[in-house]
Amino acid sequence: MTSEDLYDSLRRLDGKPYPAYKDIKGSYEFDNFTLSIDRVQGDPFASPSRLSIRIDHSHSLIDSGLFSNASRRTGSETFLALAFSSACHREQTSLGSGKSGKLEIDTPGQEILKRTCVEIGETETTVHFSVGLPANGRRILGKAAIGLLTETLPEIVSQALVLSEEDKTAINSFADTNEDADHLRSQLEDHRLVAFIADGATLPRASGIDQHPLSNAVPFQSPASQRICLTVPHAGEISGMGISDGITLIVGGGYHGKSTLLNALERGVYNHIPGDGRECVVALNDATKVRAEDGRSVASVDLSPFINNLPGGKNTQNFTTENASGSTSQAASIIETLETGSHVLLIDEDISATNFLIRDARMQQLIAPEKEPITPFVQRVRALYDQYQVSTILVLGGSGDYFEPAHRVIAMDNYLPHDLTPQAKALCANDPSPTHCSENSTPFEIGTVQRFADPSSINPYKHAAPYRGSRHGGHRQERAPRKNIKAQKTRSLLFGTEEIDLSLLAQLVNSSQTRTIGAALAYACENNRFNDQSIIEALNSIITLLDEQGLSILDGNDLAEIRIQEFMAALNRLRSLRIE
Ligand code: ADP
Ligand code: MG
């Protein structure tokens, strides 16, 4: 069919009841692209219709250099998604009831993530988006639909998907930036670094709710002792602060930029769009922020490296609770993170349980060790590195107890880092703290027991058992169980009858990732992945599958890449989860 056929159909549908829109499902050839109407909404207030556009590279002027490797391809796709999104915003107008006239694409934030909304293939680009088909009440507004689909949409395509000279420069910089960042991250291990922050980077964000860069921020500048020069394909030589593996302490006065630095590192597991300020701030891709999260549920986690002898004799080798405390939640999230294979923990005093991080000498004298269930992190942090090669970057302005286990101490002063390692170590030599980590710590083991889930405790369906009739009337009616998965905000996931609270997962950066986690978890259930594999094996097998076959094997639109860390964290927060 052609665009004229679409025009004729819409004219015929004018004034008809809304469901008649189903007739326009199908593909239409336009001058320089193909429009597919893939799913038609049931009414103007329902979630909008799903459409896609395919445009040949000869029309969009996308050259093969823009997708010559995975990094460049994802960078270019991100540019197109942003361009399409801005064009939709410029061009759309409300055309009637409900969502009539709404044009929307999954819009990237500051992070560059592989997404399903735009896919650059070998010969053409496919763009998936949603459209509110216009209606007045429940009557089709055919003429408005003609304007929307045969005039506005081609205009959006020519603005967003056909590259002007200016666009070509911009899309290239997305591809280059993404490729450079991947290159940078890939060099970390060779230099035994866990993170790198380029000189000149802008770390602070515009506000607590706005991830755009803060204007007039003090640019980052590395201390000479930690400076390293790395080379990337496009930007060439980049100097900056390399954070070596081991224990790194970030200290300094309040409001001097400590948390800002750590926040930039936690987002450094992802790449950033040009102009973000953190384009060359990278961390190892398994680096994970761990924090206190009192009130969360915990399912059979071995907390014994940190917590023992709880009141009431509660088992901490197999710890389960509906309502964790600050310290137990933080201990659980560390053990769970290690279960995913992470090598870097990121911890900020602002969001940690104090009694989990430290217990000073006086308190140790007052409260006998056998009365204190917690072995504070300060007594484990070094062994975590020495025994398990797990590095920690810790922001702590309030205690010097970590000077001893730390390999280096970086002080933030007016937003700039200084290496105070020698001074901090000198203090330890003068006044050895009685809480010295190695003295107090008893040996510990991590990750020896694999957790297997009871498969029935992970249920993506709304009706646990097939629904049979109502209490009244008695007519028997089978209702097929309906998958019920919905990303509500960025960090809340409806899964079956459960709501998973992901609000404190700092490295879950986009609602498309939340959607993907839901879809991937459902996929794992539907394919019986939990039946004979441990939960980490099951989730890892799904992540591998997504890497190999792409996100589109999952059921759902507007998906984005996820890490095993957030995937696992979501399952760990599913309150129905039971471990066998
Ligand atoms: P700390 O954790 O040391 O108490 P924060 O990292 O929370 O401090 O930073 C305090 C404030 O300073 C924040 O509002 C932050 O946006 C701002 N800030 C951080 N780094 C910079 C910088 N490089 N330039 C300008 N402002 C900054
Ligand atoms: Mg802080």
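What share of the contacts in the protein with a separation of 6 or more is accounted for by residues 24 or more positions apart? In this predicted model, such residues account for 71% of those contacts, a contact being heavy atoms within 4.5 Å. Local features need pLDDT of at least 70, side-chain atom pairs count only at pLDDT 80 or more, and totals for chains, interfaces and linings use all residues. Residues are numbered from 1 along each chain as its sequence is written, and side-chain values use heavy atoms, with hydrogens and water left out.

The C-alpha trace spans about 90 × 70 × 35 Å along its principal axes. Of the 580 residues, 54% count as buried, that is, under 20% relative accessible area with a 1.4 Å probe, protein chains only.

The largest nonpolar core comprises 52 residues; a nonpolar core is a set of buried Ala, Val, Leu, Ile, Met, Phe, Trp, Tyr and Cys residues joined through side-chain atoms within 4.5 Å. Tyr 21, Ile 24, Leu 35, Phe 129 and Leu 149 have the most contacts inside this core. Among the elements that each supply at least two of its residues are helix H3 (70-91), strand E7 (124-131) and helix H4 (142-160). H4 gives the most, with eight residues. Beyond its neighbours within four places in sequence, Leu 149 touches residues including Leu 6, Ile 37 and Val 131. A second, separate core of 43 residues includes Leu 310 and Ile 374.

Technical notes
Chains lettered and ligands numbered in written order. Buried < 20%, exposed > 50% of the residue type's maximum accessible area, 1.4 Å probe, protein only. Helix = DSSP H or I, 4+ residues; strand = E, 2+ residues; numbered from the N terminus.
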